[in-house]
Amino acid sequence: MADRMTLDRLRTGTKARIVDVQGDDAIATRILEMGMTEGEPIEMVGHAPLGDPIEYSVRGYRLSLRKAEARRVIVEPSDAEPSRGR
Amino acid sequence: MEPTPAPRALTVVLIGNPNTGKSTVFNGLSGLQSRVGNYPGVTVEKKIGRVRWDGRDVALVDLPGTYSLSPRTLDEMVAVDVLLGHQADVAAPDAVIVIVDASNLERNLYLFSQILDLGMPVVLVLNMIDVARHKGITIDARELERRIGAPVVATEGHRRVGLDGLERGVFRAMAERGGVRPDVFPEAFRLEVVALEDAWRASGGSPPERYLLERMLLDVGGQIERRFASTASFELGAWLASARSRLRESGIRIPAVEAKARYAWIRRILDGAVSHPETAARTLTDRIDHVVTHRFAGLLIFCLLMFVVFQSIYQWSEPLMGGIEGIQEWAGGAVADRLEPGPLRSLLVDGVIAGVGGVLVFLPQIALLFFFIAVFEDCGYMARAAFLMDKLMSRIGLSGKSFVPLMSSFACAIPGIMATRVIENRRDRMVTLLVAPLMSCSARLPVHLLLIGAFVPKRTYAGGLLTLDGIVLFLMMAVGAIVAVPVALLLKKTWFRGETPAFVMELPSYKWPSYRIVLGRVADRSRAFVARAGTLIFATTVLVWAAGYFPADRSRLDDVVRQIERLDAAPSDANRSARAALSRERADLAGRAIATSFLGWAGRAIEPIVRPVGWDWRIGIGVVASFPAREVIIATLGTVYSLGGEPEGEAESDVNSEGGPSGLIDALRTARWPDGRPVFGLPVALSLMVFFALCAQCASTLMVIGRETNGWHWPAFTFAYMTALAYAGAFLAFRFGTAMGW
């Protein structure tokens with residue numbers, strides 16, 4: 001099992017599985033509503049020219065998160081390519 | 001015999017995620033029969049279309065695009081209130097149409113599952129079904145219908161395909177009284193909702209709808225908890241907190257439980273009814289994004305696109321605006337030919353026609369900006385622009401979405417302020433809207449050019465590469481944007497402080513923009529401007545005209561104008577000198593007339609206030625008179641300094657190479673205080689330019705702010721803070737210039 005880390009540290013082109021979204025405020029709610037729930041695969045696509053925000057691929061669509069927001073998401077990097085669970 | 005009563009009108013609500021083509025469906029259904037207004041007390045646009053379905057009047061209510069129904073703010077609360085029939089100015093809905101992007105069902109069904117929980121007749125619209133098909137996604141609509149217990153309709157909104165199925169779907173949903181609540185939440189959570197209901201009854205009150213009770217438990221500190229906290233006759237906040245900790249102990253975490261439960265339900269619904277291609281091919285969107293959000297190429301493309309947008313509102317709109325001004329002049333001339341000089345003619349020419357022209361002249365810029373915004377939004381680029389600019393804008397407390405409205409305001413603040421509607425977060429939107437008028441718009445340019453041409457010495461530096469007048473012009477254009485940074489930060493720290501809004505933003509798939517959407521948007525915004533701000537702008541122009549016309553005695557002036565016109569009707573060399581003498585007299589009389597008008601009184605009244613910034617009462621008149629629009633000061637100064645009585649007078653048409661009217665430049669240079677000192681010098685010119693760079697002398701901007709914020713206190717605030725800044729800036733510029741001995 002790979003080590004857990006925050007989503008903002010995921011490198012370009014790598015994939016991970018979501019473990020948890022921290023907090024109970026509006027931002028946490030919004031992140032969850034956008035489909036970032038426990039066990040869901042996510043891929044880091046790239047970042048904006050100044051390094052922030054970051055583009056992810058989740059549930060078959062593209063999502064941009066600021067670093068501060070991505071830091072609330074705990075993920076478990078997957079070494080092998082995860083199967084898109086649907 | 002009693003006539004059979006007409007069937008009651010129906011209310012049908014449209015709701016959906018952003019980027020689902022919801023407005024195309026709405027426009028396709030209602031055509032141009034829609035009315036746009038505001039919900040009271042909030043900044044949410046209220047869009048209602050009227051249609052006739054099966055002989056019944058139907059009001060289609062288009063709610064703003066949203067990802068979920070978990071209201072955090074008053075603005076987000078509107079959607080919930082409309083759906084539950086709590087919104088006083090909208091009838092309780094008979095059915096809900098949920099529009100989803102068929103190629104992105106999973107996330108889109110999240111909102112749908114919340115709507116199902118409201119327990120009302122629902123129709124699910126699979127829009128952009130062609131895009132889904134193209135991506136190799138197959139959807140068994142009949143199976144989906146069976147599983148969710150509500151009619152499912154597939155549409156291609158941009159081609160108006162399948163829209164007729166909506167009407168049948170709504171009637172079917174109402175007849176079947178469908179909308180079975182799927183009960184997605186775990187047992188323990190449901191029991192807490194029942195317990196809350198019981199606690200409510202036990203305290204002697206009648207509990208609100210179950211959806212609202214669920215939301216109170218789920219949204220910590222959300223809008224619904226806040227609304228009921230004061231009216232509930234028990235300690236609601238404490239009750240909710242203990243219920244949440246009870247749930248946490250049984251392994252149910254708030255707020256994660258909702259997303260977990262709903263997405264699990266969505267998987268169950270979709271499993272077997274929808275199939276995706278085995279391997280997701282590298283899509284066109286991926287390939288475009290690789291370039292468009294690239295570190296260098298992406299920024300280059302962005303700058304290029306913004307340059308085109310800016311050029312278009314700044315320059316391409318000019319021939320159109322010139323055309324409108326030409327028509328205005330022609331109409332004024334036509335009236336002048338038919339009417340004797342006097343109050344009626346002046347009212348028509350300088351009040352009514354100038355007022356209508358003053359409204360219409362903004363249309364080319366509004367249309368052009370919204371053309372580009374609509375294209376960018378519809379093809380999916382707008383989200384990328386916000387993505388690229390976010391870091392930069394977050395330094396002043398805003399988000400990437402504020403960039404385009406602010407940049408557009410460099411051409412004109414009116415379309416810029418209207419464009420702030422792309423910012424969903426109310427605080428960000430308000431701050432953007434309040435600093436937008438500080439950006440140096442094109443109306444400031446003539447004022448700067450006139451004063452620089454008259455008073456800034458011709459000097460060159462660095463071997464002719466830099467000129468002093470160029471540097472001054474650049475500084476005057478930049479001062480507003482520079483001042484906007486601390487103003488935005490301050491606003492963010494005072495009135496609009498609060499938790500940083502989530503910048504969780506979907507980057508939609510690219511698609512070819514639909515001409516229907518783009519043109520519809522342009523027409524929609526142009527109409528909204530004329531209908532909602534136009535009348536007020538017109539009224540202001542007429543009022544300021546009246547203030548400059550009355551109560552001066554103009555009988556001698558009218559007489560002189562009549563004589564000039566008689567001479568002009570039969571021009572000859574003999575009466576040329578008589579004509580010149582009359583022309584001089586007319587200018588003199590017009591100057592005296594405005595000095596004895598209400599405006600003149602106002603100018604004198606504010607003289608003690610404007611003295612410290614180096615102005616005399618005549619400049620005071622010019623500043624007061626330019627309240628409708630900054631550039632008016634040039635014509636007003638022309639009149640006050642007795643250059644020409646009529647707006648179409650010589651002073652304006654005689655523009656010299658420096659960009660200003662040469663007659664006016666001479667008049668300004670020779671203007672004297674009573675003690676013989678010149679009124680104008682470089683310090684006064686600088687103080688006037690800084691004032692116009694920072695002031696809010698643009699009635700149209702204030703009217704548009706009033707309309708967009710749905711009230712009068714924000715325009716009043718804008719006027720107050722910008723005038724204070726402008727005055728302080730003018731004072732500093734004047735004192736600095738004087739101290740430097742310029």
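Predicted model: local features only at pLDDT ≥ 70, side-chain atom pairs only at ≥ 80, totals over all residues.
The strands come first. Strand 2 of chain B (residues 34-38) and strand 3 of chain B (residues 45-53) run antiparallel and are joined by 5 bridges. Within this pair, Gly49(B) in strand 3 is opposite Ser34(B). Strand 3 of chain B also pairs with strand 4 of chain B (residues 56-62), again in the antiparallel sense, through 7 bridges. Here Arg52(B) has Asp57(B) in strand 4 as its bridge partner. Strands 3 and 4 of chain B make a hairpin with 2 residues between them, and in its turn Asp54(B) has a positive phi of about 55°.

At the level of domains, chain B splits into domain 1 (10-176) and domain 2 (187-251). The centres of these two domains of chain B, taken over C-alpha atoms, are 29 Å apart. Contact between them involves 10 residues of domain 1 of chain B and 8 residues of domain 2 of chain B. On the domain 1 side, the touching residues are 5 nonpolar, 2 polar and 3 charged.

The interface between the chains brings 33 residues of chain B into contact with 32 residues of chain A. Elements that each supply at least two residues to the chain B side include helix 3 (105-116), helix 13 (297-338) and strand 12 (505-507). Helix 16 of chain B gives the largest share of that side, 5 residues. By type, the chain B side consists of 17 nonpolar, 6 polar and 10 charged residues.

Key: Residues numbered from 1 in each chain as written. Chains lettered and ligands numbered in written order. Pairing = 2+ DSSP bridges. Helix = DSSP H or I, 4+ residues; strand = E, 2+ residues; numbered from the N terminus. Domains from an automatic or database assignment. Contact = placed C-beta atoms within 7 Å. Nonpolar A, V, L, I, M, F, W, Y, C, P; charged D, E, K, R; others polar.
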